[in-house]
Each structure stands twice: as structure tokens, then as C-alpha cells.
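Please review the following briefing on a single protein model. Its points are grouped by topic.

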Amino acid sequence: MKLQTTTKKAGLRRSVGFLGVLGQSVAGVAPTTTPTINVALVFAAAGSGTWLAFLVATLAILLVALNLAPLARTFAGAGSLSEFVGHGLGPVGRLITAWILLLVYLALSVATLAGCTAYVSTLFEAARISLPLIFWVALVGGVAVLFALRDIRLSTVLMLALEIISILLVVVLGITILVRLGVAVDLAQLRLTGLRGSGMSSALLIGVLSFVGFEAAATLGDEAEQPLRDIPRVLILTPVLAGVFFVFSAYVIVLGFNHYGIAVATSDAPLDDLARALDRPGLGAVVSIGTAISLFACATATMVASSRIAFALAQQNAIPAALARLGRRSAPTRAVGLSAFLIMATALALATFAKPLDIYDWLGTFGTFGCVIAYGLACVSTPIFLRRAGQLRVGHVVLSAAALIVLGYVLLGSVYPIPAAPLNVLPLVFVGLLATGTLYSLRRQTVISRA
């Protein structure tokens, strides 16, 4: 059976090469936020087993990537994972997944925009330049919108360059720790000192969530030059590269925490404390700059991703068809404009009463909850599609089942034990918005089909 290739429609220009596709996914992960934020959270739960938690999380997310790869080698489109799900679970499955992804990418863009604003404002305050938070949100968000409106080939490669710079800044900190301590082997970490089963459960949850966004390359299915080649490669490569970086960062940072006795659980900025302990206080500011860069690239990448999902929904008459019209350079400028408006309006509204890192926490949790559901639908879809194509093997079923077990664990951990408000209501808000959007689209498609 000759497999179908791409679902390309409506004249989006194929201009994004492999590096651009890679840039979209790497920026979607925002890798520098893991050593600056998540490593400390995992360390508080798992102690010297932090590196192991990230290693296991890397293997877990690779299970998801391996489930996506067969579909990515066969289908491509602006609808990202919804294109994959549609070929296994049908049009309704595709529609539900598209709405999930639209909500996810809008939320993650607001979250990372707020996170970037937090670091930018703090850096300027250190230089005694204090301005209202809403100014920084408008400034950083406005620049992100300009990036999203630029030629997609340029913006994706630029996002990759920004992420490489931010990663290198963290690597500098890691090398400084190794050189300063003169220790390459930390016996406490190799022996997993202080690791408890309950702690590893919490740590693994955070570790898996660190990879959310790795699938963002799939939104370029209509714009990649070689989508059926490059996208599946990137879906595998991004977790591998991010995983190596996460495990390295976790090992060297925990090495520093252990050596200097950093009180991670009670510190507001453990990496800054570590930099001061190393007699390199400037490194804390350098890493903060790297984190701001990474978060900015992620805000732009997820803004681009949300616009492509909106474009795909408009093509399906699930939302107003005007959003599928193309502008200059065959770009979906109307869809970008809608995404940018929703993201900026939400970020500015929240900034009037909430702290940036609270916004990052709320919207990041909201987006992660949806992303795990989308991954699960795609993993269910893969064996169904392969069975219809006559290519299903036992290994495919095992991969799908293993990935669903991991995703089920992560999903359960995000709602139980019940988190404190407002995190406890976010899953309900997500389901409510998803149901509203899906029902609106189904009604719209029914009316149009009868006309």
C-alpha cells in the first residue's frame, strides 16, 4: 500500500529548511528554563536523584516521539498533531485535537511571555531602571509579534540561534562549577543519596513536563521544504538533544548545590545563590539573560504555532474562513494577528493584578494539561492508522501502551493530589473552553455543509 504523503493546502510557501524546523521545536521546549527553574524543583523532591529523574523523563518522552514518527513520516499539515489524530480517530478526533492545541499554544505563549517579562524586569531593576510591569509585557510581547509576522524561514532560524545562545550560557555555568570544584564524579549523585520513591514520582512529573512543546515543529507541515523527512527527524532529535542538556545541567548544578549546601527549598533564586558561592555573582545575571532569551523564543514559537492551528481550523470551516486567507509572502497573517491579539490581551489583563511568575505557573500548567491529552490522542491514533494500513506490529502496540501509561501518570499527577487554587480549577476551565470551541465548530461545519 502506497502511503499518503502530505495534506498541503491553500498555498502556504514551503520555505523552512531542517534548521528552521528544528528551531521551532527547540524554542517550543524553551530548554534553558529547565536548569534555571525545574532543576531546583526536581532537586527539592528527589535530591541527588535529580539527574536520574531527567534521564527517565527523556526516555519517557521519547516513547511519545516514537509513536508520533510513523504518522509524521506519512502526513503533514499546519494542524500539527490534529492531522495525525484525524487519520486514526476521524474528523471529530482531529477537530478536538486542533482545539486542544490552539488552547495549549495560546496559553504557553502567554506563560512564556510572562516568564520572560519577569526576568527582563528583574535585570533592569538590578540596573536601577524600574518601570511598570505592564510596560515590559507590552514591549516584550510587541517584539514577539513582530518576530511572528516576519518571514517564517528567518524567524525559525533566529529562534534556534537565540536558544543556542541561551543554552551556551548555562553550559558556561556548568563548566565553571566543574572547573572550580575539580570534581567530575559526585558519589552522592551516583549513589542517589536521599532519593525516596515518593520524591521520584514528583520529580518525574516535573521532568516529563519539561519537554512539553517538543512537537511544535509539526505545525510547519505546510511550510517545511521536506516535511515528511524533517519533521519526524526533529520529533526524535529534539527530546534527545534536550534530554542530554537536561541531564548534564541537573548533574553539574546539583553537584554545586551539594558541595556548597545551597538551601534550595527556601531560596527564591538558587542559581544566583550558587553563582555567589562560586565567587562568580555575575554568572547569575548571565544565566538570567539566557533564560529571558529562551522564554522569548518560546513565546514567539508558540505564537507561530497557535496561528498555524487557527489557520488549519479555518481551512476546515471550523472557525471563520477569513482566517485562512494569506498575506504577503504567502503567510497566514490574519491567523497570526488573531493569535497575537488573544495572547497580548490575556497577558496584559493578567499583568494588571498578578505577578509574572504566577502567570507563568498558571498558564504553563493549563497548557501542559492540554498538551498531555493531545499526546495521548496521537498515541491512540498511531496503532489504529497502522492497522488500517496493514503495517501494525507488536512493537507499535507496546510503544503505544507504554507511552499512554506514562502520559496517564503525568495527567493524574497534574490533578491529584488536588493542587491549591487557582491551579485546582484550571483543568475544569480547559475542559469548558475545549467543549465550547468544539461544539461551536461542529455546529458551524454542519450549517455550512447543509447550505
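Helices (H or I, at least four residues) and strands (E, at least two) are DSSP runs, numbered from the N terminus. By this assignment, the protein has 15 helices and 0 strands. Its radius of gyration, taken over C-alpha atoms, is 21 Å, close to the 22 Å that the globule rule gives for 451 residues, so the protein is as compact as a globular protein of that length. The globule rule is 2.2 Å times the number of residues to the power 0.38.

This is a predicted model, in which local features need pLDDT of at least 70 and side-chain atom pairs count only at pLDDT 80 or more, while totals for chains, interfaces and linings use all residues. Residues are numbered from 1 along each chain as its sequence is written, and side-chain values use heavy atoms, with hydrogens and water left out.

**Overall dimensions and packing**
- Along the principal axes, the C-alpha atoms fill a box of roughly 70 × 55 × 40 Å.
- Buried residues (under 20% relative accessible area; exposed is over 50%, partly exposed in between; 1.4 Å probe, protein chains only) make up 55% of the 451 residues.
- Of the contacts (heavy atoms within 4.5 Å) with a separation of 6 or more, 85% are between residues 24 or more positions apart.

**Helix α6**
- Helix α6 spans residues 152-181, has 30 residues and reaches 44 Å from its first C-alpha to its last, close to the 44 Å expected at 1.5 Å a residue; the expected span is 1.5 Å times one less than the number of residues.
- Gly 182, which follows α6, has a positive phi near 60°.

**Buried positions in helices**
- Thr 300 belongs to helix α11 (residues 281-315) and counts as buried at 0% relative accessibility.
- Leaving aside residues up to four places away in sequence, Thr 300 touches Ala 144, Phe 147, Ala 148 and Met 159.
- Glu 83 is part of helix α4 (residues 81-126) and is buried, at 6% relative accessibility.

**Backbone features in loops**
- Tyr 416 and Pro 417 are joined by a cis peptide bond with omega of about 0°; Pro 417 sits in the loop between α14 (394-415) and α15 (426-450).
- The Ala 421 to Pro 422 peptide bond is cis, with omega near 5°, and Pro 422 lies in the loop between α14 and α15.
- Asp 279, although not a glycine, has a positive phi of about 60°; its place is the loop between α10 (270-277) and α11.
- Asn 317 is not a glycine, yet has a positive phi of about 60°; Asn 317 is in the loop between α11 and α12 (333-351) and is partly exposed, at 28% relative accessible area.
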